[in-house]
Amino acid sequence: IALLIVVSFGTVFWLAFEQAGSSLTLFADKNTNRNIGSFNFPASWFQSVQPLSIILLAPVMAWLWRALAARRREPSTSLKMVVGLALVGAGFLFLVVAGGPADRGVLVSPFWLVAAYVLNSCGELCLSPVGLSYVTKVAPPRFASLMMGVWFLSIAAANYLGGFLASMMHEVPSLTRFFMIPVATSFGAAVVMLALVPLLKRLTSSVADA
């Protein structure tokens, strides 16, 4: 039951996160100032921000969890996932702000996209590694492989739903309203999951560090 709850919230996270290759790339192409002097760099270059952020920030995040654990203040896995959902929602807030000028035809600074990608990457570091660890810890041994498959199936479902969301980009009246959708779903899921943290702890009370 705990795994199914966590996987459901993971799906909401990936729905927003996977906008990186669709609506965010379209925003980079159509609404972002990509000029460096006389050179206009491709919108696809923004795709390098997330992997670079992961490489640079993963050691920092690992150090943070270890430092908190040493002080016996490390949050539970489910609470880390709440933080991940909140961070991806916060990343899209930058695009809500940038969407205003973009709706008026202004090419906005690359800062807005870079900030969104970096925060989304921080969210991924809070949710993805600990989610995989959560599955291996909590799943009954004979169902461990099956539940790991369910975790990745949730990512596949999120990619499908994310594609559907991206297809609505030009149907929503404004970019600000469009980017409010992942903000609302991510923050909403974070609030609900935060309320469920005590339940998740009870359900996994027999599992160490869950």
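Predicted model: local features only at pLDDT ≥ 70, side-chain atom pairs only at ≥ 80, totals over all residues.
Where does S23 belong? You'll find S23 in helix α2, which covers residues 23-31. Is S23 buried or exposed? Its relative accessibility is 0%, so S23 counts as buried, since the cut-off for buried is under 20%. If you skip the neighbours within four places in sequence, S23 is in contact with A166, M169, F178 and F179.

## Helix α3, with a bend

Now move along to α3, which takes in residues 49-70, 22 residues in total. From its first C-alpha to its last, α3 reaches 31 Å, close to the 32 Å expected. Still, α3 bends by about 40° at L57, and a proline, P59, follows within four residues.

Which residues of α3 are buried? They are V49, Q50, S53, M61, W65 and A67. The cover over them includes α1 (2-17), α4 (77-103) and α5 (110-138). After α3 comes R72, with a positive phi near 60°.

## The whole chain

Zooming out, the chain has 7 helices and 2 strands, and from the N terminus the order is α-α-β-β-α-α-α-α-α. The C-alpha atoms fill a box of roughly 60 × 35 × 30 Å along the principal axes.

How does the radius of gyration compare with that of a compact globule? For 210 residues such a globule would come out near 17 Å, and the chain has 18 Å, so the two agree. Buried residues make up 45% of the chain. Of the contacts between residues at least 6 apart in sequence, 79% join residues at least 24 apart.

Conventions. Residues numbered from 1 in each chain as written. Heavy atoms only, no water. Expected span 1.5 Å × (residues − 1). Bend = angle between axes of the 7 residues up to and from the residue. Buried < 20%, exposed > 50% of the residue type's maximum accessible area, 1.4 Å probe, protein only. Contact = heavy atoms within 4.5 Å. Rg over C-alpha atoms; globule rule 2.2 N^0.38 Å.
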